[in-house]
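Let's take a friendly walk through the open spaces of a protein model. Please have the sequence and the 3D view ready.

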Amino acid sequence: MGLLYTTAINTGWIIAIQPIFIALSARLFLGEKVTWRRIAGILFGFSGIILIISKGLFSLSVFRIGSTFGDLLVLCSALTWAAFTVGGRGFLSRFSPLAAIAPIMGVGCLITFLFNSLRGEWSFILHLSLSAWLGILFLGVFCSGLALFFLVFGS
């Protein structure tokens, strides 16, 4: 949804803040140690994200920039991923990777399917080109599929 309101470039930069959110969440909820180097990295990271979202404008007028809504949605995505990573650490350590990831992927797929079905956004699938289907197949098999394969069988 965030990509509907912002650019892919902004999304990439904002998603890159996930390690910062994970480090802060691990400190707050798991008691992990944060060194001065990490603090400096966190401050630099947040400064960069603020510059991206604000476009260098440091006033309330930043919320009138068209992509700000999308940027904030993507920022929320980074926050929820950090919550999943830190919150799920205990859960993921009790189960095999396949037993932990398969239901999570299934629920995510179901939620995405239901959300998009309610919005009526599946009709475009019938009109995808061959190159689009090959791109989807590549992402599914080589990116997601192999990543899960190595996660499950590489442990």
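Predicted model: local features only at pLDDT ≥ 70, side-chain atom pairs only at ≥ 80, totals over all residues.

Residues are numbered from 1 along each chain as its sequence is written, and side-chain values use heavy atoms, with hydrogens and water left out.

Start with the largest pocket, which holds about 530 Å³ of space. A pocket here is an open set of points on a 1 Å grid over the protein atoms alone, where a 1.4 Å probe fits, with protein on both sides within 12 Å along at least five of seven lines; lining residues have an atom within 4 Å of a point. The volume is the space filled by probe spheres set on the points, which are joined across faces, edges and corners.

Its lining has 13 residues, and M1, G2, I15, L73 and S77 lie nearest the centre. Two or more residues each come from α1 (2-5), α2 (8-15), α5 (68-87) and α7 (97-119); helices are DSSP runs of H or I with at least four residues, numbered from the N terminus. The most, 5 residues, come from α5. By type, the lining has 10 nonpolar residues, 3 polar and no charged, with Ala, Val, Leu, Ile, Met, Phe, Trp, Tyr, Cys and Pro counted as nonpolar, Asp, Glu, Lys and Arg as charged, and the others, Gly among them, as polar.

Now turn to the second largest pocket, with a volume of about 390 Å³. Of its 11 lining residues, M105, G108, C109, T112 and S144 lie nearest the centre. Both α7 and α8 (130-153) supply at least two residues of this lining, and α7 has the largest share, 6 residues. The lining of this second largest pocket divides into 7 nonpolar, 4 polar and no charged residues.
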